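Let's walk through this one together, going from one chain to the contact and then to the other chain. Have the viewer open as you read.

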Amino acid sequence: MTFNFAVVFKFQDALLLGLLTTLKLTLICIVLGCALGFFLALARTSKSAILRGVSSIYVEFFRGTPVLVQLFWVFFCLPLVLGVELSNLASGVIALTLYMGAITSETFRASLKSVGQEQLDACVALGLSPWARTMNVVLPQAVLRAAPTLLSNCVSLFKESALVSAVGMADLMFVGQNISNNTARPVEVLTVVALIYFVIAFPLTRAVTVIEHRILKRLAV
Amino acid sequence: MSDTAPLIKIEGLHKSYGGVVQVLQGLDIEMTAGDRVVIIGPSGGGKSTLLRVLMGLEQIDRGSITFGGNPYISAKSGKTAIDAKVRRSIGMVFQHYTLFPHLDVIGNLILAPTKVRGEKKADARERAMALLTRFGLAQKANAYPAQLSGGQKQRVAIARALMLDPKLMLFDEVTSALDPELVAEVEQVILQLAHQQMPMVIVTHDMWFARNIASRVIFCAGGVVVEDGPPEQVLGSPKEERTREFIERVFHIKH
């Protein structure tokens, strides 16, 4: 069997379009998912038992079920339940945002806990208001500490996003599959698709290590 | 405020943890603006708790504290009322520095003045640089806490507290976490403040420092004041048996 990678280049525009869809979906879900995750983390550490209970059930549910099942549920069941039509992109964004919110909330929760009582005492001694304390001391430290894990979460999301191809969204994986079926060249096409994912994900995973090292050095007081 | 009117007046202060562990059991202390009070005593005797109460960091069970003649802290039907405005005129330095690790030295100094008093950033920076220069830390203005030695961190913490022009400074075992060779640079800074007539309450295990800085030494044990007097008397020839035992033990370990 001979391989002909030149075949793939004929489809570079289609692959690029697929990649753009993947990146768009991932970025939207990173932004929305991180915001959701931060508030979920606040809810999970709040004094209200109801907030704690609801947010915990939510997080445990989404961590304890396959993303593919969540995706199928949002694509096929949510429109029936809500009685509205959802575009492919909207469904993909909803499903992956809910998933991203659940995993980043765990990351934020751990980092919120790491801002110790002594830091809060210092804020009181300096007369900082609760708002100034949250915005200028707790939040920056929580985000800094969370940054490496958040970046890992983002890389995971980027890879998991390939699952949306299973429900017919034209992302990189979906386009790759189509080309591979039409050309009967699965080895070349799917190898290139894998490499594209890798080329984007690998520097990010390396960056996690570098950032982690820097932040740990900064916060080691 | 004259030098003889009480700056701080503590009356019948009781404090327990969870209603079980009695830490302060009826403390009465008066302090004038001319006083530099050093509190000594065994661990668990309530020294640090007293300082934390004075900073408004703790709930109290009973008693009251006035500051400059104004009500500051009181306990009413199990709830502690703390006057936040009075609290802002008190500064505190902690054993473990508690600098903000995500801000550089200048950032640590100007955060409270700009956020609490609405001071302009440029003005606060100027004052901060002047303080850092005075403490020999001008070159460290843009360093992060993690890049500083323990002694430097503690001097920055003192400068940070001074940025708010406190009328009283509290020092809670500020040299206990330091390597021995770094203790002097921190104590020098506090002595410098003492020369400028800054009223202060200091909790320390360093008897040399206590003798040199105190205008008054209070021996606290079991949550009450056991002995209170000038440093030569309390440290040199204590009247109370418990004070004498404690001093002998401390000096025995030191020599």
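In chain A, residues 24 or more positions apart account for 78% of the contacts with a separation of 6 or more. Keep in mind that we're looking at a predicted model. So what is chain A made of? It has 9 helices and 0 strands, which gives the pattern α-α-α-α-α-α-α-α-α along the sequence. The C-alpha trace of chain A spans about 75 × 45 × 25 Å along its principal axes. As for burial, 34% of the 221 residues of chain A count as buried.

Now zoom in on one pair of helices. Helix 4 of chain A covers residues 67-82 and helix 5 of chain A covers residues 88-114; their axes sit 9 Å apart, and the packing angle is about 140°. Angles over 145 degrees would count as roughly antiparallel, and helix 4 and helix 5 of chain A are therefore oblique to each other. The crossing of helix 4 of chain A past helix 5 of chain A is right-handed.

Who does the touching? On the helix 4 side of chain A, pick out V67(A), Q70(A), L71(A), V74(A) and F75(A); on the helix 5 side, the partners are S91(A), I94(A), A95(A), L98(A) and Y99(A). Sort the residues of this contact between helix 4 and helix 5 of chain A by class and you get 8 nonpolar, 2 polar and no charged.

Chain A puts 20 residues into the contact and chain B puts in 22. On the side of chain B that touches chain A, the elements giving two or more residues are strand 7 (90-93) and helix 3 (105-116) of chain B. Which of them gives the most? That's helix 3 of chain B, with 4 residues. By class, this side of chain B has 14 nonpolar, 5 polar and 3 charged residues.

Strand 7 of chain B also leads us to a sheet. Chain B has an open sheet of 6 strands, ordered 7-8-9-3-10-11, and the pairing is mixed. Strand 7 and strand 11 (224-229) of chain B are the edge strands, each pairing on one side only. From one strand to the next, the twist averages 20°.

Within that order, look at strand 3 (residues 36-40) and strand 10 (residues 216-221) of chain B, which pair in the parallel sense over 4 bridges. For a landmark, find I40(B): opposite it, in strand 10 of chain B, stands F219(B).

Notes: Residues are numbered from 1 along each chain as its sequence is written. Chains are lettered from A and ligands numbered from 1 in the order in which they are written. This is a predicted model: local features need pLDDT of at least 70, side-chain atom pairs count only at pLDDT 80 or more; totals for chains, interfaces and linings use all residues. Axes are lines fitted to C-alpha atoms, for helices over the stretch in contact, and angles run from 0 to 180 degrees between N-to-C directions. Angles under 35 degrees count as roughly parallel, over 145 as roughly antiparallel, 65 to 115 as roughly perpendicular and the rest as oblique. A crossing is left-handed if the near helix is turned anticlockwise from the far one by less than a right angle, and right-handed if clockwise. Two residues are in contact if their C-beta atoms, placed from the backbone, lie within 7 Å. Ala, Val, Leu, Ile, Met, Phe, Trp, Tyr, Cys and Pro count as nonpolar, Asp, Glu, Lys and Arg as charged, and the others, Gly among them, as polar. Two strands pair if DSSP finds at least two bridges between them. A residue is buried if 20 or more other C-beta atoms lie within 10 Å of its own, exposed if 12 or fewer, and partly exposed in between; C-beta atoms are placed from the backbone.
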